[in-house]
Amino acid sequence: MSKLRDPFMDNVRKIENIAKAVKFEGNMAKIDARELNHKELNDLIRLCVEKGAEKIILKNVCGQRYIGTRLFFPDKKVEIEIFGTPGNDLGMFMNGHKIVVHGNAQDGVGNTMNEGEIIVEGRAGDVVAMSMRGGRVFIRDDVGYRTAIHMKEYKDKVPVLVVGGTSQDFLGEYMAGGIVVLLGLNRGKHLANYIGTGMHGGRIYVRGKLEKYQLGKEVGIVEMEEEDYKKLESLVKDFLIYFKGKGLDEKLDVDEILGEKITKLIPVSKRPYGRIYTY
Amino acid sequence: MKSHLLPEFIVERDEERCDNCKVCIKQCPFDVHYYDEEREKVMSKSELCVGCQRCVVYCPRNALRIVPYKAYRPNDYWHEDYIRDIKKQAESGGIILTSCGSSRRAKVYWDHILLNASQVTNPSIDPLREPMELRTFLGRKPDYLEIEFSEDDVEIKTELYPNLMIETPILFAGMSYGAISYNAFKSLAIAAKKFGTLFNTGEGGMPKDMREEFKDCAIVQCASGRFGVDPEYFNYSAAIEIKIGQGAKPGIGGHLPGEKVTATISSTRMIPEGTDAISPAPHHDIYSIEDLSMLIYALKEVTNYEKPICVKIAAVHNVAAIASGMVRAGADIIAIDGFRGGTGATPKIMREHVGIPVELALASVDQRLREEGIRNKCSIIVGGGIRCAADVVKAIALGADAVYIGTAALIALGCTMCQRCHTGKCAWGICTQDPNLSKRLNPKVGAERAYNLLRAWSLEIKDVLGGMGINAIESLRGNRDHLRGIGLEEWELKVLGIKGAGE
């Protein structure tokens, strides 16, 4: 019988055999991820939380996936600091924890995330904040394609994505709720096309030059109101707190950022496809 | 524009029996019956009738009869359905929306397969007097078992994968709260729990008040819309199903129209009231088998590797190759939904023309996985038009581990297959969110009917097994020697992997 290779489960070592990668210092734990695969690292992170760690520092992370996913503890909130490059689906389904990445992140940051906060001091890949349902994601630089697809909100549970640079195509496709901000720092114009195709909820703020042809059919441009500026001001303040001294232009301030033209996009209809059927 | 459409049904009222009690008016959500003040009697507008038969069942005097109306000159090519659809589209310019499963005249392979029985050379078994095992385990099985014998004990050393244990190889298929009413949803949950099998939440989330009570008998779905999906939802379940496709509408997403997104639906799906709940056609984080694998393991991560992960697809042309990829991606269970599978709403063109029969899909998937030596890596659940216990037995002999029933379960609750689920006006309280209609279905009574159906089919399966001389469903699985085809061509027998009758 041919052996079926399983890139996730093959050669996963028992937790007692890798426990030496963890060092506890009070309620803080440090994990050296250098020789750990996806599951091993997450096994150890879970172990740390079970043992009461409130802050976990991961060193030498290189492509390990699902960091933060296996931490469904309704009563526990922890902070994870990552040095290196976390793999796909960072914080997927995450439920209230905080993750800071000192570096870049790959695809699927905050995928279907429920609550919590992810801060990336660098860029992130495709499908960032897809189907995100709550919490906040801050990315210092650019993000890839299909960002914030089908993000959704319910009452006061409103997910937020703030991107310092820009996004590629299909930003906010099918978006059903939530707030997306593209600050467009350090760039002439935005590249994304098909922004908000099929959008039927939520709002997207884009700072800087944006052409009409870049928008999907289902979005409209509306005037910025005082409420919008208030919301943006608090988000930009947090953005600056998170990234000043972390590679962001030290001279940037709230007034300068919000002084530039900002386009607000909202869906034309809550029911974009309601009229194409006959019974 | 004057409508050229003819009525589909004619309401026949026996004037002598009818005493104008108005029950029919109250029962009909389509406003067919009305009281004519001038004539002082109850009258009917046949053109509005959908043929759900609610008024017929509830007329206290048996005064009503609803009969199909075939008016056009019979024509086997320009069948009445085509004429009606063209007229409808000429008047509206829209995509024809419908519901339930495909009703087109296409070969039903179940009906071309016959079962075997023991005669002389091996004894049949009487299920009334001997134990018959229908218990089924769903999930990944190990490649080999390491067993350690000690003096008075036997121990399995191999670490086993999480498996689901069900008392009959029949599960309720994914039908969301939203597509069906809360009472219908709950009826199935109660019946599944009582019988020791599972129901499937569909992609509408799980109401908070049901999570604790039904967590051990719920398969929760993670579909492209990711509605009502949170870590608690995943962890309060028996298993998770990634829904890629659905037999009634392969390749397209779905949307629950805004008017069905009521307050409770909105809190279960976690979207605002009144907005369309749109499920995109693909999962936008799955564009390949590798991506599928990524979601499978994300779900294993979020549930601490404690639950089997199922992946559901529609039966399409290359189903065997796709299934192989799904197993290699890490799916513990694969669910295949045939083109007869039902839905609460689908464009008619998808329902009638896309996908293949589940019988052929199942046979080729089972065959392919065996050839590749990976059949033990997953269980197979098939669904999409399972109508009776014989279909279940044939499916298992063709290689399925268990079957999903959706339409049959709803018929047990009261559905009459009028195919008007998409209007949200189900007179039987099943496919509706109107509180006045959904209260017509009492979840306790509904659960009893659904439970009875499971019991009846399970008894029938035991009868057939006994006749074959088999005492465990396990021995029938993939046992195609017990099947013979009639009226099938060479290639069909080959795909099904069975001999012709008499061979």
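Which residues in H12(B) meet which residues in H15(B)? In this predicted model, B:Ala389, B:Val392 and B:Val393 of H12(B) meet B:Trp457, B:Glu460, B:Ile461 and B:Val464 of H15(B), where two residues are in contact if their C-beta atoms, placed from the backbone, lie within 7 Å. The residues of this contact divide into six nonpolar, no polar and one charged; Ala, Val, Leu, Ile, Met, Phe, Trp, Tyr, Cys and Pro count as nonpolar, Asp, Glu, Lys and Arg as charged, and the others, Gly among them, as polar.

## Basis of the model

Residues are numbered from 1 along each chain as its sequence is written, while chains are lettered from A and ligands numbered from 1 in the order in which they are written. Since this is a predicted model, local features need pLDDT of at least 70 and side-chain atom pairs count only at pLDDT 80 or more, whereas totals for chains, interfaces and linings use all residues. For chain B the mean pLDDT is 95, and 100% of its residues reach 70 or more, pLDDT being the predictor's confidence in each residue, from 0 to 100. The complex as a whole is given an ipTM of 0.94 and a pTM of 0.95 by the predictor.

Two packed helices are described by the angle between their axes and the distance between the axes. Here axes are lines fitted to C-alpha atoms, for helices over the stretch in contact, and angles run from 0 to 180 degrees between N-to-C directions. The helices (H or I, at least four residues) and strands (E, at least two) are DSSP runs, numbered from the N terminus.

| Helix pair | Angle between axes | Distance between axes |
|---|---|---|
| H12(B) (389-397) and H15(B) (443-468) | about 55 degrees | 9 Å |
| H4(B) (182-195) and H15(B) | roughly 50 degrees | within 8 Å |
| H9(B) (319-328) and H11(B) (358-371) | roughly 50 degrees | within 8 Å |

The angle of about 55 degrees between H12(B) and H15(B) makes H12(B) oblique to H15(B); angles under 35 degrees count as roughly parallel, over 145 as roughly antiparallel, 65 to 115 as roughly perpendicular and the rest as oblique. H4(B) and H15(B) are likewise oblique to each other, as are H9(B) and H11(B).

The crossing of H12(B) and H15(B) is right-handed, a crossing being left-handed if the near helix is turned anticlockwise from the far one by less than a right angle, and right-handed if clockwise. H4(B) also passes H15(B) in a right-handed crossing. Among the residues of H4(B) that take part are B:Asn183, B:Ala184, B:Ser187 and B:Phe195, and the residues they and others meet in H15(B) include B:Pro443, B:Gly446 and B:Leu454. This contact divides into ten nonpolar, three polar and two charged residues.

The crossing of H9(B) and H11(B) is right-handed. In H9(B), B:Val319, B:Ala320, B:Ala323, B:Ser324 and B:Val327 meet B:Ala361, B:Ser364, B:Val365, B:Arg368 and B:Leu369 in H11(B), and the residues of the contact comprise seven nonpolar, two polar and one charged.

## Individual residues

In chain B, B:Gln53 is found in the loop between strand S3 (41-44) and helix H2 (54-58), and its phi is near 70 degrees, a positive value in a residue other than glycine. With 18 other C-beta atoms within 10 Å, B:Gln53 is partly exposed; a residue is buried if 20 or more other C-beta atoms lie within 10 Å of its own, exposed if 12 or fewer, and partly exposed in between, with C-beta atoms placed from the backbone. B:Cys55, found in helix H2 of chain B, counts as buried, with 25 C-beta neighbours inside 10 Å. Leaving aside neighbours within four places in sequence, B:Cys55 is in contact with B:Cys24, B:Gln27, B:Cys28, B:His33 and B:Leu64.

In chain A, A:Tyr174 lies in the loop between strand S8 (160-163) and strand S9 (176-182), with phi near 60 degrees, a positive value in a residue other than glycine, and is buried, with 28 other C-beta atoms within 10 Å. A:Arg65, in the loop between strand S3 (55-62) and strand S4 (79-85) of chain A, is buried, with 24 other C-beta atoms within 10 Å. A:Arg65 and A:His38 are 27 residues apart in sequence and 5.5 Å apart in space, C-alpha to C-alpha.

## Between the chains

In the complex, 42 residues of chain A are in contact with 40 residues of chain B. On the chain A side, the elements that give two or more residues are S9 and strand S13 (277-278), and by class this side has 17 nonpolar, 17 polar and eight charged residues.
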